[in-house]
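Here is a quick, friendly walk through one protein model. Take a look at the sequence and the structure, and then we'll go through some of its parts.

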Amino acid sequence: MNAELNETQRAVLRALCDTFVPSLKVSNDPSGFWARAASDLGVDCVLARNLKEDVPPPLYNGLVGLLDGLAAKGFVNASQARREGLLSQIARSSPQGAQGVGFYQKQTVLLAYGLPENPVPDRNMVTYGSPKGQNPNWEVMNYPGPVSVPPDKPKQIQTWTPTGDSQTLEADVCVVGSGAGGAVIASRMAARGLRVLVLEAGGHYNAADFHQLELWGYKHLWYKGGATPTADGNVLLLAGGSLGGGTEINWMNCVRTPPLVREDWARQYGLQGVDTAEFDGYQDEVERRIQANQQTAYWNAQNLRMREGCQKLGYLSKQTFVNWDPKLFQPLMAGYTGFGDQTGGKQTARRTYLLDAYRSGAQIIVHCRAERILVAQGRAAGVEATYADPRGRRTKLTIRAPQVVAAGGSLESPALLLRSGIGGPNVGKYLRVQPGGAVYGVYEEKQKGWWGSPMTTNCEQFTNTGGGFGFYMEIPAFGPGFVASVIPWVNGRQHKEMMTKVPYISTFIWFLRDKGSGRVAVDAAGNSMPTYQLSDETDQKNFRHAASEAIRIHEAAGAREIMVSLASQQLIWKRGQNLEGFIKNVAAQPIINGAQPMISAHQLCTCRMGKDPDTSVADTNGELRDVKGVWIGDGSACPTALGANPMVTIMALAERTASKMAGAAQQNRGARAGAASPPRRESEAARSGQAASADNSARGPAAGVPEGANLIELDTRPGQAERVLQIISGQVLPNIIRPAAGFIDLIVMHSLDDPHRLTSVSFWENPEYAERFQSGGFLQSTELIKDLLAAPPRRLPYTVAASLNRRARGRAGAPSPDRFPGPDANAITDAAGNVLRGMVELMNPATMLREMTGIMTNPLNMFSLGQRLLTGSVRQPRQGRGGAADTPRPSPGGGAAAARGGAAPAPRFADLLELDARPGQAGAMVDIIAGSTGRPGGRPNDGLIDVVVLQSMADPNRVTAISFWENRESSTRFDAGWSGWLGDSLTGVLAAPPRRRAYTVAASTIPSIGGSGRQ
Ligand SMILES: Cc1cc2nc3c(=O)[nH]c(=O)nc-3n(C[C@H](O)[C@H](O)[C@H](O)COP(=O)(O)OP(=O)(O)OC[C@H]3O[C@@H](n4cnc5c(N)ncnc54)[C@H](O)[C@@H]3O)c2cc1C
């Protein structure tokens, strides 16, 4: 963290911000826009905080030096005109001066037009759809700001959180980066049953986090917190930086790899199959998975302008394909997609391939930056990484993996290889950025650039202007701060004037298939340092050509003014003036050394594949030449620029690389199978990272996806516990829980310590099902009982770590259920016998009549009959009011047991122990509990029915053990004794004294556990 600014520096900063966005007097200023200075919105305060917290120290020193220099020149007390003069003098004096002034100018306008009035993006504090939480400058831009609150949606992926100062993990494949390329490879490898670990430097966000606020989006979802210049200041780089990478923020234009590029890659670079049906197949598969479709490619005003202009000029324009799920598409929300999609319809890598990977058992760690790739005997040996959570806690990770995929994007993958000293001399060379520019047209009608899918018209007339190179023209998404920052600032008045035209502006952008290249190097600390100059003649010609055509298309579409931005000047054409003369003037402007603003959203080729070792980093399969087992899995593997939006190509290429990797991984596994430790079924191994305790590498092999468990605590209103139980047993269980996919069992317990507390544990085939239930069924269930509750239900997600009960089986592997000495060995045979005997009993007409009537009276009785068949109680005479059609006693403790309709069996008791393990010791704790359950007093303990040990998914150090007992006596005996024998064993791993809670089992679907009436 940098030092605070002193008072003089703060005063200069305020004056500087108010020079870029000044308070000006105009005769007609109804919204106060002209009178409002940057500091009225607190821009100087936010900028001071950013300087302190976010700016790297060398840059900070230069920027603060500039403030000191301005102070010495009397900047604070100078007039607006004098201040503007001083700034232009400094900008012309040196490149550093220009960079410093440029930094403050861009940041000031970004904040002045991007900050919500209340800058805290908190759904409880920002009021949507009202002037509060809006930026007052949005009114003049006609920008509505956020249109809806984030939905309350749970995350579908549970990432894994490392603990302690250092950890060692094991995987078959470690994927660095979770963007377009990395996500595809992770999913394919995990689907093959390999243990996959994905490391992502950014955070994990979903719809519930997305506020439709631009600055929040940049900070959390974009690479380096938003548009960031190359080290030489020539190009503004846009890229993704959270789980899902660029696909999380991109504009969803799905373009297949141009045929001429495919031919070039096959012919010149030796990439076999990319010009054949094989690669078509990969692209088809990608388009299917991300739902590329035209239904959602609505034309908003901006896209219509380009389409109309192209049609008038006879230029080839096409409606795009967009990766929105048509079922979830909402045009009003689509325009905010660069700041995170609230609808859940955008088919990002996070929502598609990464989710697939996760469901196949891949483990994902976010806030985790790969520092370097480890090499042993010339082969990949793993990755060294640093996990750093947002609160500053750090864990050093060593991942042992024989296959490593570099998929950090074209700006970061080369830096990773360079830090690791691998990849050869071409790493970082050949950086293509598909540089782009923009031309603005001012129309008579408002254009509303934020409405609808942003990019739905492609102008493809100029994709090959000669030699296979050319440019693509499209429409960008809208962000108020971003628009303000790309409009050149000449002086305070001119910039404000431009902002008043924003509602009427359509922006046309283009990007080149660049022939020339830049480079990614690393600084002394190993950070990526990209540089790029548009020095190739073909590229310069195409850039100028593109600007000329954008002007022509605007004119044809009816623009009344057309504006071209230079670094600090705007060239303007007005209808009636000579168009070709204007185009000539634009084409004559200097183009290099930052003379014209250039933007790149497509960085490529920095670790490219190819057959020639002198001009490539990876071989034609994507594997490094010098270190086998290291694969290039992202856009950096492309041999050349594409001249098209790259997402589909990167994903299809990753499909291809994954299929090449599969063969190698198989061979490698074979080799390991012969080694000392037995091979394991990998997808769970990645998951066992869930339980990856202090030293995962020392942990035994896992052999089954752990079951999931939802523990829900319900505090009822006084006297309402029984009614809640009734509803759970009679409505929630049969209608909501039991039909849910993946459901195994439910146990509802009634607290003996607090008569208003019910705790239910449901078991699911895997954590995914448990999670899925949370997003629908849980809410439905809560709806039925909410009026009887004193507080909202608290849900705690768990995996089943070990279990004596064969239906709720524990995670196989170290804490194996088979390691519990259990009374359940003959359960299956017993059950079969019971069913047989029950069936014979049912042949008795009286019994059959009784049962059928029972079922007709309450369908839940069907379930109870099944249970009684299993437990052998079908013959039991009924109690109660008598008669064949006894309806189940609804409560107390009604539940499934009461629903059985027979005599309420003796109540079962449950002990719930909450145990906090020392960091990383949860796995050891599970083992100890599993191993100790049989002791003392015989195997098993007298009266012990079952034990289920759960490991929290929210807190990896939390273990909850629930034991079930025949009667209260056994339970009490256990309670008195456990702290002796079990407590002693746990001394080394416990972080705090265990918390015990006593229950009766009120309802359950597990015959052995029963669901008794209450004591
Ligand atoms: C604003 C914008 C709009 C775009 N619009 C489109 C569009 O409409 N259509 C289209 O086809 N393309 C579009 N793109 C481009 C497309 O999204 C990218 O080309 C693509 O996502 C790049 O994929 P990748 O796998 O190379 O890297 P990325 O998707 O960038 O993923 C790399 C990931 O790796 C992580 N990472 C980096 N270094 C490390 C490290 N050391 N350790 C761990 N993690 C690391 C990063 O945080 C990032 O999440 C757009 C891009 C942007 C920025």
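How many bridges join strand E18 to strand E19, and do they run parallel or antiparallel? Six bridges link E18 (residues 561–566) with E19 (residues 569–574), and the two run antiparallel. Together they make a hairpin, with two residues between them. Within that pairing, Ser565 has Gln570 in E19 as its bridge partner. As for the terms, two strands pair if DSSP finds at least two bridges between them. Helices (H or I, at least four residues) and strands (E, at least two) are DSSP runs, numbered from the N terminus.

Before going further, a word on where this comes from. This is a predicted model, in which local features need pLDDT of at least 70 and side-chain atom pairs count only at pLDDT 80 or more, while totals for chains, interfaces and linings use all residues. Residues are numbered from 1 along each chain as its sequence is written, and side-chain values use heavy atoms, with hydrogens and water left out.

**The whole protein**

The protein has 29 helices and 29 strands. Of its 1015 residues, 59% are buried, where buried means under 20% relative accessible area, exposed over 50%, and partly exposed in between (1.4 Å probe, protein chains only). Take the contacts with a separation of 6 or more: 74% of them are between residues 24 or more positions apart. Contact here means heavy atoms within 4.5 Å. The protein exposes about 37700 Å², and carbon and sulfur atoms supply 52% of that; such areas come from the Shrake-Rupley method with a 1.4 Å probe, and for residues only the protein chains shown count as cover.

**An open sheet**

Four strands line up as E1-E10-E9-E8 in an open sheet with mixed pairing. At the edges sit E1 (166–170) and E8 (368–376), each pairing on one side only. E1 and E10 (residues 394–400) run parallel and are joined by five bridges. Ser166 stands opposite Lys396 in E10.

**Around the ligand**

E8 turns up again here, giving three residues, the largest share of the shell around the ligand. Helix H7 (180–191) and helix H19 (647–673), like E8, each supply at least two residues of that shell. There are 40 residues around the ligand, and Glu200, Gly246, Asn253, Gly635 and Met647 come nearest; a residue counts as near if one of its heavy atoms lies within 4 Å.

| Residue (polar backbone atom, N or O) | Distance to a ligand oxygen atom |
|---|---|
| Asn253 | 2.8 Å |

The protein covers 96% of the 1000 Å² of accessible area that the ligand has on its own.

Arg997 lies in strand E29 (residues 995–1004). Is Arg997 buried or exposed? Arg997 counts as buried because its relative accessible area is 17%. Its side chain makes a polar contact with the side chain of Glu914 at 2.8 Å. That term means a pair of N or O atoms within 3.5 Å; within protein, one must be able to donate a hydrogen and the other to accept it, and residues adjacent in sequence count only if both atoms are side-chain atoms. Leaving aside neighbours within four places in sequence, Arg997 is in contact with several residues, including Glu713, Asp753 and Arg757.

Gln921 lies in the loop between strand E26 (909–916) and helix H28 (922–932). Gln921 is partly exposed, at 23% relative accessibility. Arg958 is 37 residues from Gln921 along the chain, and their C-alpha atoms are 9.6 Å apart.
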